[in-house]
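Visitor: I'd like a quick walk through this model. Can we begin with the cavities?

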Amino acid sequence: MSRAGDTAIAAEVQHRRRVVVDVILLLMRNGRILLRERANTGYGDGAYEPPTGQLADRETIVETAIRVATDEAGIIIRAENVSLAHVMHDVSGSGRIAFFLTVSGWQGKHAAPGEYLEHTEPAPPGARWFPVGNLPTNMLDRSRVALRNYAEGMRFSTYPAFGPAGTGGPARPGARHWATPWQDAFSA
């Protein structure tokens, strides 16, 4: 192979896309979901989203979930309690892949939604339980779309939505309308 060919291959390798991987926890109890208000991030500050973190080098998605649970929600989860709920490819910016995970049980001060709602113990800054059928209006749109898609039974979507049904495009025929209360999809 010529030297020019070697250079072309090296140039192609350098231009491979690097994608940010987000790990997002869907912590739900009694028809409510835990959301945190974004602050000091430079993007979407003041908007709500589920506890979220980025995959770190040499960390598995489940290890990230365990770290996010502790850092963002103040709870302890075990690997065997983590399940995949939804994957979203966000092409609105430079490209991100988000793994939305459900957690079947945890330990810590957020174990009962009533604790936050009754203010019997201090919540982490900006964290609140919301009824899944009445999410805040100031929620990150991609999180709202992913929750709606998950409630409709979609395992994968693209944001913003485009393409054929089942890929983040228009809702499938017979799928529940997104405005339907989500209590059935989010029962814990």
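Guide: The largest cavity is lined by Asp22, Ile24, Met88, Asp90, Arg96, Ala98, Phe100 and Arg142. A cavity is a set of points on a 1 Å grid over the protein atoms alone where a 1.4 Å probe fits but cannot get out, and lining residues have an atom within 4 Å of a point. This is a predicted model, where local features need pLDDT of at least 70, side-chain atom pairs count only at pLDDT 80 or more, and totals for chains, interfaces and linings use all residues. Residues are numbered from 1 along each chain as its sequence is written, and side-chain values use heavy atoms, with hydrogens and water left out.

Visitor: How much space lies in the largest cavity?

Guide: About 40 Å³. That volume is the space filled by probe spheres set on the points, with grid points joined across faces, edges and corners.

Visitor: Which strand gives the most to its lining?

Guide: Strand 8, with 3 residues. Strands are DSSP runs of E, at least two residues, and helices are runs of H or I, at least four, numbered from the N terminus.

Visitor: New topic. Is helix 4 mostly covered or open?

Guide: Mostly covered: 9 of its 11 residues are buried, meaning under 20% relative accessible area with a 1.4 Å probe, protein chains only. Arg142 is one of the buried residues, and Arg142 also lines the largest cavity.

Notes
Buried means under 20% relative accessible area, exposed over 50%, partly exposed in between (1.4 Å probe, protein chains only). On a 1 Å grid over the protein atoms alone, a cavity is a set of points where a 1.4 Å probe fits but cannot get out, and a pocket is an open set with protein on both sides within 12 Å along at least five of seven lines; lining residues have an atom within 4 Å of a point.
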